[in-house]
Amino acid sequence: MTDDIQDSVPSRQRRRFPGISSRAYEHPADRSALVALRKLSGFDTVFKALSGLLPERSLRLLFLSDSVRVSDAQFAHLNAMLRDACYILDLEKVPPMYVTQDPKPNAMCIGLDEPIIVVTTGLVELLDEEEMRAVVGHEVGHALSGHSVYRTILLFLTNLALKIAWIPLGNVAVMAIVTALREWFRKSELSADRAGLLVGQDLQASMRGLMKIAGGNHLHEMNVDAFLEQAEEYEAAGDLRDSVLKILNVLPRSHPFTTVRAAELKKWAASRDYQRLMDGHYPRREEDKDTSVSDSFRESAASYAETVRTSKDPLMKLVGDIAGGTADLGGKLYGKFTGAGSASSRTSDRPTDGRPGDGANGGPKDRPSGPAADGDGPRDEPGRDG
């Protein structure tokens, strides 16, 4: 299905973005990697050569033979959504889309030569029309950014790692590449979530879709605000041990955690960049060739620095403190790992039994009276703002 979409129109009135570059919605870390790869001489040639080794043709034949291809005659409502999404993001050709039998809600965009979109029956049955529209826009965003190429390679390398797991060094080398690709791909998912919002132009529908993917089709039992509060609690809770566990939990995943995706999307929807985009001010595809790799990397570095600066995660706070030259780093590390906070610093100058005769020189210490002086007054609750 490679029909021209110039004569297609959305099923309801939404803003269109003629000539939009994928850079307009890509997460800075995703964008810097893509800009660098696009500028890399011989990149296309290498991946064309790789296409002979990857099972892409086999996958296409598999979906063609054992799934249902979306068209005017089959899953017509999905076909209309797909055309709408391509029209809004000005994607020149409508990629083939398949529905495959699988109770697990999922969708993907794969392919080296041309992207194909696959959605599972579990996802189709789970989401309503507007929620599904955001998902279709998400996958079209992957296609516009060229993510399908790297997703296909990631799938191939993951399978390869399983096959050569018995070769210690070979497996370590492949898994190192897989880990790096997964980190990039998690950022690309944030980019595609933004594309889904541009297509659906309904933030609540995007939020509901993510919430249903996490908790199933029990919308009357769930609340978007409470769901987003989980993301805040997840980020701020615990000490450094919990921060390490978070990293270990996310490493094998190709997608960020669902609450994190929802929080990131809401933050972007409230940003000035999103408003400017909706007002028609965005980079055009024709300008992609003039994009500076160094500028893209600076934007990526600035994004990570901002994440560290504003994060409530204990490890990110510590990284920010180190970057800022915080004193007594050893004590801070110990306090974070043990959950003791700065208890040692609070008690180092206090008398051992609370009496005024235990100063360093044996004499009374000049101290104001009252509970606040003893460090027992009201303190900010850990993990809360302020």
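Guide: The largest nonpolar core has 49 residues, of which Phe17, Val119, Met132, Val140 and Leu198 touch the most other members. A nonpolar core is here a set of buried Ala, Val, Leu, Ile, Met, Phe, Trp, Tyr and Cys residues joined through side-chain atoms within 4.5 Å. Buried means under 20% relative accessible area, exposed over 50%, and partly exposed in between, with a 1.4 Å probe and protein chains only. Helix 4 (residues 76–88) gives this core its largest share, seven residues. Helices (H or I, at least four residues) and strands (E, at least two) are DSSP runs, numbered from the N terminus. Apart from this core lies another, of six residues, among them Phe63, Met108, Ile110 and Val118.

The model is predicted: local features need pLDDT of at least 70, and side-chain atom pairs count only at pLDDT 80 or more, whereas totals for chains, interfaces and linings use all residues. Residues are numbered from 1 along each chain as its sequence is written, and side-chain values use heavy atoms, with hydrogens and water left out.

With a relative accessibility of 0%, Phe17 counts as buried. Leaving aside residues up to four places away in sequence, Phe17 touches Ile88, Leu89, Asp90, Leu198, Gln201, Leu277, Met278 and Tyr282; contact means heavy atoms within 4.5 Å. Across the protein chain, 73% of the contacts with a separation of 6 or more are between residues 24 or more positions apart.

Aromatic rings come next. A pair of aromatic rings is described by the distance of the centres and the angle of the planes. Rings of Phe, Tyr and Trp (its six-membered ring) pair if their centres lie within 6.5 Å; planes under 30 degrees apart count as stacked, over 60 as edge-to-face and the rest as tilted. The structure holds four aromatic pairs. One of these is formed by Phe17 and Tyr282: the ring centres are 5.9 Å apart and the planes stand at 80°, so the pair is edge-to-face. This pair links distant parts of the chain, 265 residues apart, with Phe17 in the segment before helix 1 (28–39) and Tyr282 in the loop between helix 13 (272–278) and helix 14 (293–310). Tyr282 counts as buried, at 10% relative accessibility. Arg284 lies over the face of Tyr282, 3.8 Å from the ring centre, and Arg16 lies over the face of Tyr87, at 4.3 Å from the ring centre. A charge sits over a ring if NZ of Lys or CZ of Arg is within 6 Å of the ring centre and within 35 degrees of the ring normal.

Phe63, named above in the other core, forms a stacked aromatic pair with Tyr98, at 6.1 Å centre to centre and with 25° between the planes. Phe63 lies in helix 3 (residues 56–66) and Tyr98 in strand 2 (residues 97–100), so the pair ties together parts that are 35 residues apart in sequence.

The Asn79 side chain makes a polar contact of 2.8 Å with the side chain of Asp72. A polar contact is a pair of N or O atoms within 3.5 Å; within protein, one must be able to donate a hydrogen and the other to accept it, and residues adjacent in sequence count only if both atoms are side-chain atoms.

Of its 17 residues, 16 are buried, so helix 6 is largely enclosed by the rest of the structure. From first C-alpha to last, helix 6 reaches 24 Å, close to the 24 Å expected at 1.5 Å a residue; the expected span is 1.5 Å times one less than the number of residues. Asp128 caps the N-terminal end of helix 6, with a side-chain oxygen 3.2 Å from the backbone nitrogen of Glu130. Gly146 follows helix 6 and has a positive phi, near 85°.
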